[in-house]
Every structure is written in C-alpha cells, then in structure tokens.
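User: Please go through the helix and strand packing in this entry with me. I will ask what stands behind each term.

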Amino acid sequence: MKQEILEAVKKAKEESKPRNFTQSIDVVITIKDLDVKKPENRIDEEVLLPNGRGKDVKIAFIADGELALQAENAGANMVINKTELEEMGKNRKEAKKMANRHDFFVAQADMMPLVGRFLGPVLGPRKKMPKPVPATIKPEPIMERLKSTVKVRIKDQPVIQALVGTQDMDDELIAANIESILAVLDQKLEKGRSQIKTMYVKTTMGPVARVI
C-alpha cells in the first residue's frame with residue numbers, strides 16, 4: 001500500500017490548482033463493518049506525525065504562577081490565568097472565539113476543576129478539553145510534541161479525516177505521516193487496516209486522489 005499512498009499524494013498535489021496560500025493535505029478514510037453506535041468502536045486518539053504537521057499549531061496554556069510564566073516564555077499562543085478563566089466563564093461568546101482559535105489546550109492539573117466549570121461547556125463539545133499537567137512540568141517538551149500531533153477521530157460516522165502535512169512538504173514525508181495514522185488503525189480496529197473501505201488524499205481545495 002505504501003506505493004499507492006505515495007502516488008495518491010503526488011496526484012493530489014498535481015491536480016490541485018495553485019492558490020495564494022499553502023494548502024493542507026488531508027487523508028480521508030472510510031471504515032467498513034464498524035458499528036459506531038457502540039462507544040467502544042469510536043476512536044479519539046492523538047497521533048504524533050513523524051514528520052510534523054507542516055503548519056503552525058496554536059496552543060493555549062491555562063496556568064498560574066511559575067508555570068504561566070514559563071509557558072509564556074516557551075511561546076504559548078495564549079496563557080490564561082485563574083482570573084481570566086473566570087472572566088471567560090461569564091462571556092460565552094468570547095470563550096467560543098478563543099476555543100476556535102486554538103488547536104490544543106494544556107492546563108495546570110489543580111486548575112482542572114475550574115476549567116471544567118468555566119470552559120467545559122465550550123471546550124467539551126469541541127473535543128478540546130485540556131491535557132492536565134503538574135505545576136512543576138517544563139512546558140517546552142509538551143509544546144514541541146503537540147506541534148507534530150493530530151487528532152484521529154471516529155464519532156457518529158465511520159469516517160476519519162486527518163491533517164497529514166502541507167503541499168510544500170516532500171511526498172515521502174507526507175506518505176510516512178499517513179502510515180503513522182494507519183498504524184493507529186491497526187491497533188484500534190478489530191481487523192486493522194483491512195477494515196478500510198476507501199482512502200483518499202486531498203489538498204484543502206483540490207480534488208481527491210484515491211488510494212483504495
């Protein structure tokens with residue numbers, strides 16, 4: 001299948017019209033023989049792409065004191081302290097905007113009850129509840145990991161769509177990223193990748209290129 005993936009990546013790039021921005025490349029996978037009504041058949045995994053996402057990731061840290069300072073110095077896109085967290089809880093509209101602007105959230109573990117109370121109704125439905133971390137942790141390694149992480153989900157339809165790179169990345173690197181997502185399906189699906197019904201590669205605005 002490796003060769004087919006590589007050819008689909010090339011084709012998706014070639015058939016995509018030039019745009020005035022760097023398009024993302026996604027893999028779209030349909031799974032067969034999967035009853036998504038059963039909670040155990042749903043997938044919600046974070047996958048570390050070996051060659052990165054190829055595009056920036058926006059990370060918000062919810063922390064106080066020393067960790068907040070370190071997160072800011074480490075380049076977090078936003079640092080939310082206890083006071084700001086409470087204010088966001090009162091302004092649902094602003095909280096929604098902030099949730100949509102960021103890809104990942106990380107929170108100081110002892111602040112998680114407050115996060116649940118003030119931001120849970122906004123972050124929960126978006127599947128963006130923060131990763132809890134100890135107040136003593138160093139933010140840099142967490143942020144570096146998240147910059148290469150994508151979410152792979154099956155919820156109410158047996159379909160996965162995940163970012164695997166950008167059109168200016170090398171074809172081989174994108175193909176290797178797709179392989180890392182297939183490795184997760186091998187673990188999570190009863191029959192592994194043999195349960196894949198169809199698989200396509202596409203750029204943001206381009207046509208799909210079929211793998212299977």
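User: Why is the crossing of helix 1 and helix 8 called right-handed?
Analyst: A crossing is right-handed if the near helix is turned clockwise from the far one by less than a right angle, and left-handed if anticlockwise. Helix 1 passes helix 8 in the right-handed way. This is a predicted model: local features need pLDDT of at least 70, side-chain atom pairs count only at pLDDT 80 or more, and totals for chains, interfaces and linings use all residues. Residues are numbered from 1 along each chain as its sequence is written, and side-chain values use heavy atoms, with hydrogens and water left out.

User: What makes helix 1 and helix 8 oblique to each other?
Analyst: Their angle is about 125°, with the axes 9 Å apart. Axes are lines fitted to C-alpha atoms, for helices over the stretch in contact, and angles run from 0 to 180 degrees between N-to-C directions. Under 35 degrees is roughly parallel, over 145 roughly antiparallel, 65 to 115 roughly perpendicular, and the rest oblique. Helix 1 and helix 8 are therefore oblique. The helices span residues 2-14 and 171-188; they are DSSP runs (H or I, at least four residues; strands are E, at least two), numbered from the N terminus.

User: Which residues of helix 1 meet helix 8?
Analyst: Lys2, Ile5, Leu6, Val9, Lys10 and Lys13 do, where contact means heavy atoms within 4.5 Å. Their partners in helix 8 include Asp171, Ile178 and Leu182. By class, the contact has 7 nonpolar, no polar and 6 charged residues. Ala, Val, Leu, Ile, Met, Phe, Trp, Tyr, Cys and Pro count as nonpolar, Asp, Glu, Lys and Arg as charged, and the others, Gly among them, as polar.

User: How do you know that strand 1 and strand 9 pair?
Analyst: Pairing takes at least two DSSP bridges between two strands. Strand 1 (residues 24-31) and strand 9 (residues 196-203) have 7 bridges, in the antiparallel sense. Thr30 has Thr198 of strand 9 as its bridge partner.

User: What is the strand order of the open antiparallel sheet?
Analyst: The order is 8-1-9-10. Strand 8 (159-166) and strand 10 (208-210) are its edges, as each pairs on one side only. Helix 8 lies across strand 1, strand 8 and strand 9, at about 150° to strand 8.

User: What joins strand 3 to strand 5?
Analyst: 4 bridges join strand 3 (residues 59-62) to strand 5 (residues 104-108), and the two run parallel. Ala60 has Phe105 as its bridge partner in strand 5.
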